[in-house]
Amino acid sequence: MDLRGARILVPGATGEIGAALAVRLHALGARTALAGRDREALTRVSAACEHAPARTFDAWDADSCAKTVDWAAAELGGLDGVVVCVGVAAFGPVEELATDQWQQQIDLNITGLMNAIGAFTPQLVEAAAERGVADLINTSSIAAQNIFPDFAVYSATKAYVSHLSRHLRVELGPKNVRVAAVEPGIVGTELQDHVTDRGALDWLESSKETIEWLTPQDVAETIGFIAMLPPRANLQQITIMPTAQAS
């Protein structure tokens, strides 16, 4: 099983999960286009994928998303799949009133996601009509399902991602566009670098004593598996957890 011939765009390819995913998709034979905010990181990831086409974009900007999908479709001759890896995390008690952090998470995890989906979906519907299947895969989190102290705003944004994906599957499935949400547990990525709350940082640090965290490559392997399923099969939601993480 491989992805030879598949044309896949990875928005968020400059994050650690997105970068690992781009490399994995390339190894599986997919033709990839990469998009992200960090030009230097894009250059590195592109080189790791034998110089896959790459472009800077900002999910906060609907026009940037629209231009990115037009560019990717032109580079690849269409799009059969999009894996949306954009997102940000910030944790802390609501009573701290970290409204800037709340807004940042809502703007990127929800509004940015919608900007991307709004831009990319027409291309996927077109590709599915021509080839019989296309994929929209969204990266969510186990926080969408479970309760973690001081994760309220982040968890709520990820619950949006998972529930939106279920609705989109109903809407787009009859058009042969498969929609999936991937919900990882704790993954060692740059997202932890954005955490400023002392309690959340202590919790994350202490978890390393009892849990071997997932790697970005683990998540990339899972997404690759989803994309390789036969066209008749759609994993609408999959949770990947560190073996020792209870919830």
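Which strands does helix 5 (residues 152-172) lie across? In this predicted model, helix 5 lies across strand 5, strand 6 and strand 7, and runs at about 160 degrees to strand 6.

Those strands belong to an open sheet of seven, laid out in the order 3-2-1-4-5-6-7 with parallel pairing. At the edges stand strand 3 (54-56) and strand 7 (237-240); each has a single partner strand, so one side of each is left without a neighbour in the sheet. From one strand to the next, the twist averages 15 degrees. Helix 3 (residues 62-76) also packs on the sheet, where it touches strand 1 (7-11), strand 2 (31-36) and strand 3. The direction of helix 3 makes about 155 degrees with that of strand 2.

Strand 5 (residues 134-139) pairs with strand 6 (residues 177-184) in the parallel sense, over six bridges. Within this pair, Thr-139 has Val-182 of strand 6 standing opposite.

Strand 5 turns up again in the second largest pocket, where it gives the most to the lining, with three residues. Strand 4 (81-84) and strand 5 are the elements that give two or more residues to that lining.

How values were computed
Residues are numbered from 1 along each chain as its sequence is written. This is a predicted model: local features need pLDDT of at least 70, side-chain atom pairs count only at pLDDT 80 or more; totals for chains, interfaces and linings use all residues. Side-chain values use heavy atoms; hydrogens and water are left out. Two strands pair if DSSP finds at least two bridges between them. Helices (H or I, at least four residues) and strands (E, at least two) are DSSP runs, numbered from the N terminus. Axes are lines fitted to C-alpha atoms, for helices over the stretch in contact, and angles run from 0 to 180 degrees between N-to-C directions. Contact means heavy atoms within 4.5 Å.
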